[in-house]
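Here are my notebook entries from an afternoon of looking things up in one model.

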Amino acid sequence: MDDYAQKAKVSISRETAALLSNQANLPYEGRSYDGIMLNTYEALNYLELGEPEKARPELIRAYQRQQDAVQDNQRRIEKIQQEAAASKDKAYIDRAERDPTFQAEIQKSLPPINDLSAYANYVKAFTVYLDGLFFLADATGPSDLERAHKSFERVADFAVSDQYVGESIALVDDCQNGKPIPQTTFVIFETSCAPVRNQIRIDIPIIFSNVSYVGAAFPVLRIQDYFHPGLTVVANGVNYSTHTIASMDSIIALDFTNDLPIIITKTVAATVTKAVAAYFANQAVGNQNDVAGFFMQVATAAYQMSVNIADTRTWTTLPREFQICCFPTPPDRKIEVCTPTGTTTVIPLSRSAQALNPVNAGNCLNVVYVKSISVGTPLRITEFILK
């Protein structure tokens, strides 16, 4: 992703080739949320390795990617619209996009997710929460604590009245008032997988009389529905339920919705380009021989159908949701993680704490990271300490 970002944003040769085939032939450069989550996971990796000094710049880069996402998307939309307006085939593109049947089919492809407004600024609430947690635990001064406070407050805007976010804010308040951070355990739960992309094919209104087929393929989101809706964590005899703080379904759906004008314009332009090429090929051969002209129409129609493929590439192993819970670390330093299907896993906290902090193993912030791909697969559990 960084390599593509450093190069020219658009390659003329690649874009021209895509006009004659499909957008899936362009290199996959990563979407805005891909880059943000990439830095988020790199930060998590460094934290698990016990290298917080390397996690800090990753979280800062993730924040910067969020700041840049809105402007980058707007610039891309404007650029594609300008290119379409300057195209010699603009009249055909406008005719196709205005067709009522085409518009009705496009509306059917929109993701069936309603809570998009909360993520309107490309904010990834889990990334922001992790930012707050890190700068609370690894604070080097008042500015870091202030950053942690603001990060938790931003998460509270998305997870309204969530008790765990409120308790995290209270931890920062206590720390800013000179109180020591109490022994606390945070459980982070990734559940299921992000939406995948399928495709639909939509016929474009016939532009030329001797072009047999004009169609376009567009991506549609398919939500993964088979998942654990949450976890119950038992600590010191008390049950804690995980709460959702970030819906990747909504984040990805928002990105898809914002990107749809670009997808439509690029795909329709490519379809029209192929239709124009087919028209002139059919006309040239048909003027010489009717039979040859018929076979040329068959050949051009077959070619257009063969390259009528949507770009369905996406990062499928991102989770559907991020959930959290936090509580005082139990005296026996053991917790139980229970799934809705009845599976219980006992997790000892003392082992990792003593290994990483042998001097004062009890005075730390423990993080237990739980990942569930689907209901039928085992939980993947890791643990590390922040302080």
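Predicted model: local features only at pLDDT ≥ 70, side-chain atom pairs only at ≥ 80, totals over all residues.

**Entry 1: cysteines**

I started with Cys-193, which counts as buried because its relative accessibility is 13%, and buried means under 20%. How many disulfides does the structure hold? I looked, and there are zero.

**Entry 2: aromatic pairs**

Then I went after rings. A pair of aromatic rings is described by how far apart the centres are and by the angle of the planes. The structure holds five aromatic pairs. One of them is Tyr-41 with Trp-315, with 6.0 Å centre to centre and 55 degrees between the planes, a tilted pair. Where do the two partners lie? I found Tyr-41 in helix H3 (residues 32–48), while Trp-315 is in the loop between helix H11 (290–306) and strand S7 (321–328). So this pair ties together parts that are 274 residues apart in sequence.

Are these two buried or exposed? Tyr-41 has 18% relative accessibility, so I wrote it down as buried. Trp-315 has 24%, so Trp-315 goes down as partly exposed.

My next pair was Tyr-129 and Phe-152, which is tilted because the ring centres are 5.2 Å apart and the planes are at 55 degrees. Tyr-129 belongs to helix H7 (residues 125–137) and Phe-152 to helix H8 (residues 142–158), so here the parts tied together are 23 residues apart in sequence. Both Tyr-129 and Phe-152 are buried.

While I was on rings, I also checked Tyr-63. The charged end of Arg-147 sits over the Tyr-63 ring, 5.5 Å from its centre.

**Entry 3: the five-stranded sheet**

A reminder to myself: strands of a sheet pair through backbone hydrogen bonds, in a parallel or an antiparallel way. What is the order of the strands in the open sheet of five? I traced it as S6-S7-S1-S10-S11, and the pairing is mixed. Strand S6 (243–247) and strand S11 (380–385) are at the edges with a single partner strand each, so one side of each has no neighbour in the sheet. From one strand to the next, the twist averages 20 degrees.

I zoomed in on S6 and S7, which run antiparallel and are joined by four bridges. Ser-247 has Glu-321 in S7 as its bridge partner.

Which helix packs on the sheet and touches S11? It's H3, which touches strand S1 (184–191), S7, strand S10 (365–372) and S11. The direction of H3 makes about 65 degrees with that of S11. I noted helix H9 (residues 163–176) as well, lying across S1, S6 and S7 and running at about 55 degrees to S7.

**Entry 4**

Strand S4 (residues 232–235) and strand S8 (residues 334–338) run antiparallel, with four bridges joining them. I picked out Ala-235, whose bridge partner in S8 is Ile-335.

S8 also pairs with strand S9 (residues 344–348), in the antiparallel sense and over five bridges. Which residue of S9 stands opposite Lys-334? I found Pro-348 there. The hairpin of S8 and S9 has five residues between the strands, and in it Gly-342 takes a positive phi near 100 degrees.

Notes
Residues numbered from 1 in each chain as written. Heavy atoms only, no water. Phe/Tyr/Trp six-rings, centres within 6.5 Å; stacked < 30°, edge-to-face > 60°. Helix = DSSP H or I, 4+ residues; strand = E, 2+ residues; numbered from the N terminus. Buried < 20%, exposed > 50% of the residue type's maximum accessible area, 1.4 Å probe, protein only. Lys NZ or Arg CZ within 6 Å of the ring centre and 35° of its normal. Pairing = 2+ DSSP bridges. Disulfide = S-S within 2.5 Å. Axes fitted to C-alpha atoms, helices over the stretch in contact; angles between N-to-C directions. Contact = heavy atoms within 4.5 Å.
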